[in-house]
Amino acid sequence: MPAIEVKNLTKEFKGLKAVDSISFEVKEGEIFAFLGPNGAGKTTTIKMLTTLLHPTSGEMRLNNYDPMANPDDARRSFGIVFQDPSLDDELTAKENMEFHGVLYGVQKDLRASRIEQLLNFVELWDRKDDLVKHFSGGMKRRLEIARGLLHHPKILFLDEPTLGLDPQTRTHIWSYVKNLNKEEGITVFFTTHYMEEADRAAQKIAIIDRGKIVAEGSAKELKQKTNTNLLEDAFLALTGRGIREEEASGAEHLRNTRRLWRR
Amino acid sequence: MSTVYILWLRQLKRYFRSRARMIGSLGQPLLFLFALGFGFGPIYQRAGGGNYVQFLAPGIIAMAILFTAIFSRIEIIWDRQFGFLKETLVAPVSRFHIMLGRTLGGATVAALQGVIVFLLSLLAGFRPLSITMLPLAFLFMILVAILFTALGTAIASLLEDLQGFQLIMNFIVMPLFFLSGALFPLQGLPKAIGIAASVDPLSYGVDGLRGTLVNGAHFGLFADFAILGIITALLLAVGGYLFSKIQI
């Protein structure tokens with residue numbers, strides 16, 4: 001049984017096909033990279049898989065549950081780190097974890113022991129009582145990963161988890177994720193713009209462009225197929241060099257406003 | 001139930017942790033109370049209306065609740081991109097419980113702001129007529145708080161970004177406040193204003209507060225209570241429905 005199964009998945013926004021009849025499979029215990037230029041449909045696909053968005057048509061299976069028909073079973077099966085932060089800044093690290101545990105119905109004793117274990121795992125236990133708003137970008141990311149694991153999901157979604165982080169922190173985060181995959185057998189589905197991350201971590205890669213999957217395989221296979229030495233070059237050969245002009249959405253407006261406020 | 005409770009608790013923790021926001025949102029009602037209360041006081045007295053601060057204070061309490069309630073919900077727009085909302089939306093819990101927890105949390109905060117404004121209005125010389133009516137006044141505060149928090153939830157569920165915010169301020173929040181009879185008596189108004197006031201739900205909240213605090217209900221306490229109750233139930237249902245339809 002594959003961890004994720006997608007068949008002819010399509011999402012239209014006002015007649016525009018953001019995701020156009022894509023199909024793929026992610027095996028249990030696999031690290032799967034979902035790559036593509038801006039606006040290719042990566043985040044839209046993740047949103048559909050994680051019950052945040054309803055597909056226009058097509059089928060999905062997550063840990064053998066249909067996210068549309070059994071959203072709560074599907075939701076218990078995955079943990080997610082979103083592209084934009086989703087922590088409560090006014091709460092402490094531990095409180096953020098507690099909230100997650102309550103929402104997922106993790107029993108109190110179990111919750112306490114797992115929170116300690118996970119915060120130790122991402123090296124934040126000594127900062128557990130600090131408000132999240134005082135955390136750096138990398139610390140927030142680590143906390144989000146720990147939180148996503150609290151209910152012991154089978155699948156972990158990471159939507160550009162290392163965006164805007166320095167190489168040290170990125171290496172750190174990937175060592176957690178790989179470790180987790182190896183020891184717990186957790187399936188990892190991630191997107192990134194850093195090709196070397198996909199090259200190093202992913203066992204399988206799918207490349208999506210303009211809503212369609214244009215290539216699939218291991219990093220090695222993709223390089224062979226395109227006759228290139230670097231995954232970045234393979235990626236460019238497959239998706240072209242044209243820069244994608246993404247129409248600014250409501251989310252993009254908010255992101256810009258946020259950047260201004262941060263200064 | 002634990003979902004509703006934990007989301008309610010979160011709202012309260014946030015409130016008590018950001019004193020700046022708490023104090024900031026008291027500025028406007030206090031300015032209204034002091035500037036209008038003492039500015040129009042003499043002319044109101046001469047026109048035979050009696051003590052204007054006494055008349056105005058319940059309206060300003062309602063105002064503080066209205067503003068806090070709506071603003072606490074507008075943060076949903078922000079929250080769904082950069083905050084905790086997404087985290088709750090992918091959790092295996094019912095959307096209605098999420099909405100309920102957040103609404104009750106926001107309403108509790110708004111009612112607390114109302115109580116603070118009430119206490120501060122005592123400094124401005126406001127004197128409630130009877131202590132025994134205070135619990136009933138508090139009940140009205142809670143009802144007004146839940147009503148407008150639910151309205152805020154409904155509005156925020158429909159908006160994609162903060163650009164609609166100005167629109168809401170100018171075409172919903174301000175008219176709700178200015179047409180509610182918070183600042184002027186509802187007797188003898190021009191017909192159009194009178195009608196506007198009678199379809200404004202805040203009018204009944206202000207009226208209920210005035211009735212319980214200074215004994216001058218225009219519609220009658222029972223009517224106030226019934227109408228507020230019905231609109232609150234309706235808005236909770238609509239807010240719950242719209243919230244359950246949020247896609248990100």
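The model is predicted. Begin in chain A with strand 3 (residues 31–35) and strand 8 (residues 204–209), which pair in the parallel sense over four bridges. One residue pair to look at is A:A33, whose bridge partner in strand 8 of chain A is A:I205.

Now widen the view. These two strands sit in an open sheet of six strands in chain A, ordered 5-6-7-3-8-9. The pairing is mixed. Strand 5 (78–81) and strand 9 (212–217) of chain A stand at the edges. Each has a single partner strand, so one side of each is left without a neighbour in the sheet. On average, neighbouring strands of this sheet are turned by 15° against each other, direction ignored.

Next come the helices on the sheet. Helix 1 (residues 42–49) of chain A lies across strand 3, strand 6 (155–159), strand 7 (187–191) and strand 8 of chain A. Helix 1 of chain A runs at about 150° to strand 6 of chain A. Helix 5 (residues 137–149) of chain A also packs on the sheet, touching strand 5 and strand 6 of chain A. The direction of helix 5 makes about 170° with that of strand 5 of chain A.

Finally, turn to the other chain. Here 28 residues of chain A are in contact with 27 residues of chain B. On the chain A side, helix 2 (71–77), helix 3 (93–103) and helix 10 (250–262) are the elements that give two or more residues. Helix 10 of chain A supplies the largest share, six residues. By class, the chain A side has 13 nonpolar, seven polar and eight charged residues.

Conventions:
Residues numbered from 1 in each chain as written. Chains lettered and ligands numbered in written order. Predicted model: local features only at pLDDT ≥ 70, side-chain atom pairs only at ≥ 80, totals over all residues. Pairing = 2+ DSSP bridges. Axes fitted to C-alpha atoms, helices over the stretch in contact; angles between N-to-C directions. Contact = placed C-beta atoms within 7 Å. Nonpolar A, V, L, I, M, F, W, Y, C, P; charged D, E, K, R; others polar.
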